[in-house]
Amino acid sequence: MGSGERIKFDNKVIDWVDERLPVFTLMSREYGSFPVPKNFNYFWNFGAIAMFMLVTMIITGVLLAMQYTPHADKAFDSIEHIMRNVNNGWALRNIHMNGASFFFIAVYIHIFRGMYYGSYKKPRELLWILGVIILFLMMATAFMGYTLPWSQMSGWGATVIAGFVTAIPFVGESMHTWLLGGFTVDNPTLNRFFALHFLLPFVICAVVFLHVWALHVTGSNNPTGIEPKGPQDTIPFHPYYTMKDVFGLTVFLGFFFGVAFFAPNLFAHADHFVPYDPMVTPPHIVPEWYFLPFYAILKAVDFNIGIPFTDMTIISSKLGGVLALVGSVGILAVLPWLDTHPVKSAKYRPLYRIALILLVLSLFVLGYVGSQLAVQPYVTLGKIATLYYFAFFLVIVPLLSRYEKPLRMPPSIHQAVLDSKKSKNAGEAK
Amino acid sequence: MGKAKTDKKSKEHDETRRDFLFLTAGAVGAIGTARALWPFIDSMNPAADTLALATTEVDVGAVQEGQAITIKWRGQPVFIRHRTKKEIEDAKAVDISGLRDKQDDSERVLEDKPQWLVMVGVCTHLGCVPLGQKEADSKGDFGGWFCPCHGSHYDTSGRIRKGPAPKNLTVPPFEFISDTTIKIG
Ligand code: HEM
Ligand code: FES
């Protein structure tokens, strides 16, 4: 970046600036004439959509921060103040609150796209790992943001999640106190979570920058998973994909604003509108929907792991649950080394495709189980789905890497596009 | 040729000296940085006013047998329960070899006042406040407390009997400073 041939611009001012700091050359090279596979489908919209959501969260977040008071006695009321008194405060809050949900929707689809079309494979491993880091940072950000309204769900959600730290052997308790700034979730906790909630999105921006940089080094993957072989396989990013991204984003925003303005509490819980009471836990605390599958994985480990026939415990149920939860996200980072099959796209890997669709199914099951109390049949269902989730990564994918026979593949992207046109025409002719 | 040899030797000599200086400087620098960072990390630990709430006194004279009260200590709820004869017997009758966190009832109460059970009301799983203090609360399968968050059941001694929590409810340091006043902390 920044090095190499400079482009000559007709506009004198632009050219003057570009000569001293080649930002215009960079922009036009990376976003203008940047060659991209010509066969993208709509799954390729979600990176741009996620980027748009990040910017939306930062703009609404900074404006909310101007009206919000991070103090245990005032936080809840200041949210009500935003909703009732601040000009358009209701809109800011509803966009920010639902924006988090739609940010996760976009990112989850984006990750699924990567898994379906094998975008994590060589040479894009680092690009993929940067994505997993962004996911972790997003989760931390959303978790801390959710405590800010200082509702029953805020306080108790924070209590449970900060409680994970106490599972760490020996130093867990003191780390927990250090993290909370006290013995329970209280004013010091709220203050620091606010500071971190403000900071982390900008850290995310920095990692997103690296993510996009890495993307522009390797180039994009595409639905066939075949790397472009020449100019006949690609088109310039602008205007083709700028247009497609704008269209996709518009449709996405239709759903987003539909919820934010017409059903703003669709994803919310009643206990999120009751002020936090540190002495009373609500009868059923659940995290936001985007954490539910992972929460169900935590709950699925309700047994100690010990040495058989003795009552020595190696991993308590509590530590085990937390390890499973962190592992369930972290395992994504090593996926490029678990799946060593030479074919990228699930389009040509019928077995991997079925296994992946079952994985998505297991995540939906886990999501549902996560929202329920720990009673039967949900406990067993959660355990089965958790087992499948880990088996997918640790057993099925490595086995398929060795034994799966791929379907016959077209020689190039160009040929794949021509073939699909042909079969479509044939279909119409019938 | 002879000259070249001495050159090489002196160069080697230089390098080891430089390496040594580099390593010592690096080590001092690393320790110094860690030492300088500690105050920043420590600033996140509980502040003096948070620690100042370390003891609480409470009058339990009005708590009848079978009743319980919840008070606040260090920002956390503390359960004080005036146990019935039956609850004490139930707690004593348990065979502790089958328990997850093996503790006899006598280790959890004062010898001369076994009717008073004092515990931090924070589930040892992930920190919710268990139900069971109020008459109408669900008390779980063992007649003590029930944590609604992930389903931990505690018995009439506050010991974990079922569910994901690893430990019994914590008994804080406490003493009777008069017949009816408990000092916690
Ligand atoms: C990665 C981007 C972000 C995510 C995922 C996110 C997520 C959230 C969530 C889930 C809430 C709770 C909403 C509610 O239940 O009411 C929240 C609240 C809040 N966030 Fe963010 N946020 C992001 C960026 C930001 C930024 C950059 C700022 C400020 C600079 C900010 C400031 C606030 C404030 C002041 C609140 C409390 C007001 C409210 O609850 O609506 N957020 N955030
Ligand atoms: S916090 Fe009590 S069971 Fe999880």
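**A proline in a loop, and what lies beyond**

Author: Let's start with Pro148(B), which lies in the loop of chain B that runs between strand 5 (143-147) and strand 6 (152-155). Strands here are DSSP runs of E with at least two residues, helices are runs of H or I with at least four, and both are numbered from the N terminus. Bear in mind that this is a predicted model: local features need pLDDT of at least 70, side-chain atom pairs count only at pLDDT 80 or more, and totals for chains, interfaces and linings use all residues. As for bookkeeping, residues are numbered from 1 along each chain as its sequence is written, chains are lettered from A and ligands numbered from 1 in the order in which they are written, and side-chain values use heavy atoms, leaving out hydrogens and water.

So, is Pro148(B) buried or exposed? Pro148(B) is buried, at a relative accessible area of 5%; buried means under 20%, exposed over 50% and partly exposed in between, with a 1.4 Å probe and protein chains only. Setting aside residues within four places in sequence, Pro148(B) is in contact with Pro282(A), Pro283(A) and Leu373(A), and also with Val129(B), Pro130(B) and Leu131(B). Contact means heavy atoms within 4.5 Å. Glu107(B), 41 residues away from Pro148(B) in sequence, is 26 Å away in space, C-alpha to C-alpha.

Now over to chain A. Chain A has 16 helices and four strands, and its C-alpha trace spans about 65 × 65 × 45 Å along the principal axes. Of its 430 residues, 49% are buried. Take the contacts between residues at least 6 apart in sequence: 78% of them join residues at least 24 apart.

Helix 11 of chain A is worth a stop. Nine of its nine residues are buried, so helix 11 is largely enclosed by the rest of the structure. Among them are Phe294(A), Tyr295(A) and Lys299(A). The buried residues of helix 11 pack against several helices of chain A, including helix 5 (89-116), helix 12 (317-330) and helix 15 (378-403).

Phe303(A) is partly exposed, with a relative accessible area of 40%. Not counting residues up to four places away in sequence, Phe303(A) touches Ser316(A), Ser317(A) and Lys383(A). Lys318(A) is 15 residues from Phe303(A) in sequence and 8.4 Å from it in space, C-alpha to C-alpha.

Another loop residue is Ser220(A), between helix 9 (187-218) and strand 2 (234-236) of chain A. Ser220(A) is buried, with a relative accessible area of 12%. Leaving out residues up to four places away, Ser220(A) touches Val36(A), Pro37(A), Phe40(A), Arg124(A) and Leu215(A).

Finally, the cores. The largest nonpolar core has 126 residues, of which Met115(A), Tyr352(A), Phe392(A) and Phe393(A) touch the most other members. Such a core is a set of buried Ala, Val, Leu, Ile, Met, Phe, Trp, Tyr and Cys residues joined through side-chain atoms within 4.5 Å. Helix 6 of chain A gives the most to this core, with 13 residues. A second, separate core of 15 residues includes Ile71(B), Ile80(B), Val118(B) and Val122(B).
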